[in-house]
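Let's take a walk through this fold together, starting with its sheet and ending in its core.

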Amino acid sequence: MPKIICGSSAGSMICAAIATISNVELMYDWKFVFGRKPTLGYLHEDNWEMFFNMLNGNTVFKSETLKEYIYQFVEDSTFKENFEKTGWILNITVTEDSFSTSRLFNYLTTPNVLIWSAVVASCAIPGMF
């Protein structure tokens with residue numbers, strides 16, 4: 001299994017979900033990643049359905065919904081805590097706008113940043129949410 005996983009925008013959601021489990025769990029059952037049931041707030045849909053609804057635009061413009069969706073996987077884990085727990089080197093790219101330099105978030109560059117916040121920032125569409 002690879003040790004490094006990278007993503008931006010919608011890909012950062014997939015990476016965050018994968019990086020919260022061990023390689024053994026991932027190899028044992030890929031469905032483990034998205035087979036978990038939501039535990040927060042009003043999220044009662046199947047995770048796959050929720051994910052595709054977000055990609056289809058049904059809820060993608062609600063940053064609070066995105067935060068709650070990602071939070072169910074990573075909770076308040078920082079990049080450093082997640083690396084120490086799982087061994088995954090999670091990289092998430094965040095760009096302020098189309099004219100800015102991208103920033104790479106991981107356990108070395110931003111060890112104390114909450115993963116869910118980097119995912120929400122990576123998925124942000126300037127001027128929309």
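Which residue in strand 2 is the bridge partner of G7? The partner is I92. Before going further, note that this is a predicted model, in which local features need pLDDT of at least 70 and side-chain atom pairs count only at pLDDT 80 or more, while totals for chains, interfaces and linings use all residues. Residues are numbered from 1 along each chain as its sequence is written, and side-chain values use heavy atoms, with hydrogens and water left out.

Strands here are DSSP runs of E with at least two residues, and helices are runs of H or I with at least four, both numbered from the N terminus. Three strands make an open sheet of mixed pairing, ordered 1-2-3; two strands pair if DSSP finds at least two bridges between them. Strand 1 (4-8) and strand 3 (103-105) are at the edges with a single partner strand each, so one side of each has no neighbour in the sheet. Strand 1 and strand 2 (residues 89-94) run parallel, joined by 5 bridges.

Now look at what packs on the sheet. Helix 1 (residues 10-19) touches strand 1 and strand 2, where contact means heavy atoms within 4.5 Å. Helix 7 (residues 115-123) touches strand 1, strand 2 and strand 3.

Finally, the largest nonpolar core has 24 residues. Such a core is a set of buried (under 20% relative accessible area, 1.4 Å probe, protein chains only) Ala, Val, Leu, Ile, Met, Phe, Trp, Tyr and Cys residues joined through side-chain atoms within 4.5 Å. I70, L90, I92, I115 and V119 have the most contacts inside it.

Technical notes: Axes are lines fitted to C-alpha atoms, for helices over the stretch in contact, and angles run from 0 to 180 degrees between N-to-C directions. Buried means under 20% relative accessible area, exposed over 50%, partly exposed in between (1.4 Å probe, protein chains only).
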